[in-house]
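Hi everyone, thanks for making time this morning. Let me put a structure up on the screen and walk you through a few parts of it.

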Amino acid sequence: MTKEKTMRVAFIGSGKVATQLALIFRFHGINITGIFSRNHVSGKALSERLQCPFVAEPNDLDADLIIIATNDASVRELHTSLKKDTFIVYTAGAVNLADFPDENWGVFYPLQTFTKNRHLTVDEVPILMEANSNELRNLLEALCEKIGFQYDYCNSQNRQKYHLAAVYVNNFVNHLFHKAQIQLKENQLNWNLLKPLIEETVAKLDDLSAFDAQTGPARRNDQSTIHTHESLLNDEEVQLYKTLTNSIQKTYNHD
């Protein structure tokens, strides 16, 4: 496989990750040769969108590189059934490549959150790569350079740590946004008024560490405000509030 040859890529999966990556690939001139998905409805819809075949079995895919964009369990199942004569990578963040020692296997992990009907550009999707052979590593590097992805090489242990950090900054934070939206909606208050605060919270991390950027009643050990907030919450919400407050207070030692 050389950089000059047109790269042929196929996808296993038709969910958010597969869809977003495949659309980015196609936009940047990568030849998508096929889609396999257990969900035939979404799989066929994606193949029609990409103008490529939908195949009945994963081993019917014909490509230089197959990208498995499915959950962790499916990656393990596919490892036992996929043919061994093509390069195969998976997008799962927490699966250890050491579990798949085959030379043709590797990792193509997009460090991003994907949401239906939201379209990301290539510069918004950094890639963490790992490969069991230099040939696959070179192919993945050529793919990233052709498309324009920012990429880095990362072993499974560090990728899992990135994945954990991503859960903190995306999944957990998003859940807190959800709790805030519920609280405001129940009191007929305006969520939009918090958006400048959210934007500034993220923006100032360009200039400060999160440690130095921390503000609020827990940081300053303002017990009066903390007790007032707790009085507004139900028992479950109080436990969440206390857990976060205690973590902040331990971090700053009540400074």
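Let's start at a turning point: α1 is followed by G29, whose phi is positive, near 85°. Before I go on, a word on the source: this is a predicted model, where local features need pLDDT of at least 70 and side-chain atom pairs count only at pLDDT 80 or more, while totals for chains, interfaces and linings use all residues. Residues are numbered from 1 along each chain as its sequence is written, and side-chain values use heavy atoms, with hydrogens and water left out.

When I say helix or strand, I mean DSSP runs numbered from the N terminus: H or I of at least four residues for helices, E of at least two for strands. By that rule the protein chain has nine helices and seven strands.

Back to α1, which covers residues 16–27. Its twelve residues should span 16 Å at 1.5 Å a residue, and the end C-alpha atoms are 17 Å apart, so the two agree. The expected span here is 1.5 Å times one less than the number of residues.

Which residues of α1 are buried? They are A18, T19, Q20, L21, A22, I24 and F25. Buried means under 20% relative accessible area, with exposed over 50% and partly exposed in between, using a 1.4 Å probe and protein chains only. Their cover includes β1 (8–12), β2, α2 (40–50), β3 (65–68), β5 (105–110) and α4 (134–147).

Now the sheet. It is open, has seven strands in the order β2-β1-β3-β4-β5-β6-β7, and its pairing is mixed. Two strands pair if DSSP finds at least two bridges between them. At the edges sit β2 and β7 (151–153), each pairing on one side only. At the β7 end, β6 (residues 127–131) pairs with β7 in the parallel sense over three bridges, and M129 stands opposite Y153 in β7.

What does T33 touch, leaving out residues up to four places away in sequence? The answer is R8, V9, A10, C52, P53, D62 and A63, with contact meaning heavy atoms within 4.5 Å. A polar atom of the T33 side chain also lies 2.7 Å from the backbone oxygen of D62.

Finally, the whole chain: buried residues make up 37% of its 255 residues, and its C-alpha atoms fill a box of roughly 65 × 35 × 30 Å along the principal axes.

Key
Polar contact = N/O pair within 3.5 Å; in protein donor to acceptor, adjacent residues only side chain to side chain.
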